[in-house]
Amino acid sequence: MNFETLAIKSTQMTDANAGAVASPIYLSTTFERETDGSYAHGYIYARNDNPNRQLLEKSLAVLEAGEVGFAFASGMAATTALFQSFKSGDHIITPDDAYFATNVLIEEIFSHWGLTLTKVDTTDLEAVKNAIQPNTRLIWLETPSNPQLKVSDIAAIADLAHQHGALCAVDNTWATPVLQRPLLLGADIVMHSTTKYFGGHGDVLGGALILKEDGELANKIRTIQKLTGGVPSPFECWLVARGIKTLSLRVKAQTSNAQQLAEYLEQHPAIEAVHYPGLPSHPQYAIAQKQMSQAGAMLSVQVKGDAINAMNVTGKLQLFTTATSLGGVESLIEHRKSVEGPTSPTPDNLLRVSVGLENIEDLIADWAQALQ
């Protein structure tokens, strides 16, 4: 089945009680035991499993072409669970341009557990190769990256990781499986903040890990998920599963808007640079064309001038809400460095843009008036 069909069929639940077409929500925290202590329906306690979470996890695995999926209460909870599966003394390579909290998590929390980190420009294969150590256990990729939209060669880096006995994980939040499927390119693990495009409406917090194989690592993640309890509620699982049904339609329409907006802004005299992998001027355009079906609905813009100039633009835009997040139906914008802090490598004049489902002519006109 094609992706759109899988998205619908993988999120349908058979309701034996009433035959409901829409999936019911199972809010129960505990489940009835038989006289002999067994569980007739396979569910014990909501932290262990729940029908809504099970449906979502199976759908996530199907859509990313993996064997097993794990749902978490947030993208950071999913990332944390993966890092917890490693041991003291292990080494991780991460991108120098990535979601800021990912590297901070290792530096401020897991460093106390003996986990070490090397940040590298993952668009440079030689730099990645030189960063590998005998104790390297994971190469973490984020492509396109947040917020500068650098594109890393998933297949090449996964192959490099495997040559040195390491795993390759990809934060696929910005691309989604609609546009990019890292497990089919050689990666071992995919992470999502399902808060973003999967939920799609800015009303649910969630995260996920999808693994290519249901083996030793999957068993570790399963144990961590159960014992640490960073799981989403049944209602959050239901919301994400509902969002999956329209995921393909939303992402493709938002991507079309983003492509047109990027092309307009690239030609504008008030713009210093546009970072968008759908533009031929993008440094990794060829790689993006190879591993992505389209370039996605995120772009970053560097306004000529300093941070004040950039912030002034956000104040003049009328259709772009200044807010921290992405992937929803409404267009958002933010001055990223002011969120990440003074140690961030993000340029002072960079604005991160999440393009929504508004009419593209209206969005372009809004930028035109804001840049006057």
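Predicted model: local features only at pLDDT ≥ 70, side-chain atom pairs only at ≥ 80, totals over all residues.

## Two helices side by side: α10 and α14

Start with helix α10, which covers residues 247–266, and helix α14, which covers residues 360–370. The two pack at an angle of about 30°, and their axes are 10 Å apart. Angles under 35 degrees count as roughly parallel, so α10 and α14 are roughly parallel to each other. As for handedness, α10 passes α14 in a right-handed crossing.

Who does the touching? On the α10 side, the contact is made by N257, Q260, L261, Y264 and L265, while α14 brings I360, L363, I364, W367 and A368. Sort these residues by type and you get eight nonpolar, two polar and no charged.

## A second pair: α2 and α9

Next up is α2, residues 51–63, together with helix α9, residues 234–245. Here the packing angle is about 35°, and the axes are 8 Å apart. This crossing is left-handed.

From α2, the residues at the meeting place are N52, R53, L56, S59, L60 and L63, and they meet P234, C237, W238, V240, A241 and I244 of α9. The residues of this contact split into nine nonpolar, two polar and one charged.

L27 sits in the loop between α1 (3–9) and α2, and at 60% relative accessibility it counts as exposed. L27 and L56 are 29 residues apart in sequence, and their C-alpha atoms are 15 Å apart in space.

Most residues other than glycine have a negative phi, and most peptide bonds are trans. With that in mind, have a look at the loop between β4 (136–142) and α6 (154–163), where P144 lies. A cis peptide bond joins T143 and P144, with omega at about -5°. P147 is found in the loop between β4 and α6 too, and a cis peptide bond joins N146 to P147, this one with an omega of about 15°.

You'll find A65 in the loop between α2 and β1 (68–72), where it counts as partly exposed at 29% relative accessibility. T176 also has a positive phi, near 65°, and is likewise a residue other than glycine. T176 belongs to helix α7, residues 176–179, and is buried, with a relative accessible area of 1%.

## A buried threonine in a loop

Is T195 buried or exposed? T195 lies in the loop between β6 (189–192) and β7 (207–211), and with a relative accessible area of 13% it is buried, because buried means under 20%.

The side chain of T195 reaches the backbone nitrogen of G206 at 2.9 Å. Setting aside residues up to four places away in sequence, T195 touches G200, V204, L205 and G206.

## Two more residues to look up

L115 is in the loop between α4 (100–108) and β3 (116–120). At 5% relative accessibility, L115 counts as buried. Its contacts, leaving aside neighbours within four places in sequence, are F83, F86, K87, D90, I92, I106 and F110. Take F83 from that list: L115 and F83 are 32 residues apart in sequence and 8.5 Å apart in space, C-alpha to C-alpha.

Last stop, A77. A77 is found in helix α3, residues 75–84, and is partly exposed, with a relative accessible area of 22%. Leaving aside neighbours within four places in sequence, A77 is in contact with F72 and G230. How far is A77 from L209, C-alpha to C-alpha? The two are 132 residues apart along the chain, and their C-alpha atoms are separated by 9.8 Å.

Terms used
Residues numbered from 1 in each chain as written. Heavy atoms only, no water. Helix = DSSP H or I, 4+ residues; strand = E, 2+ residues; numbered from the N terminus. Buried < 20%, exposed > 50% of the residue type's maximum accessible area, 1.4 Å probe, protein only. Polar contact = N/O pair within 3.5 Å; in protein donor to acceptor, adjacent residues only side chain to side chain. Contact = heavy atoms within 4.5 Å. Axes fitted to C-alpha atoms, helices over the stretch in contact; angles between N-to-C directions. Parallel < 35°, antiparallel > 145°, perpendicular 65-115°, else oblique. Left-handed = near helix turned anticlockwise from the far one by under 90°. Nonpolar A, V, L, I, M, F, W, Y, C, P; charged D, E, K, R; others polar.
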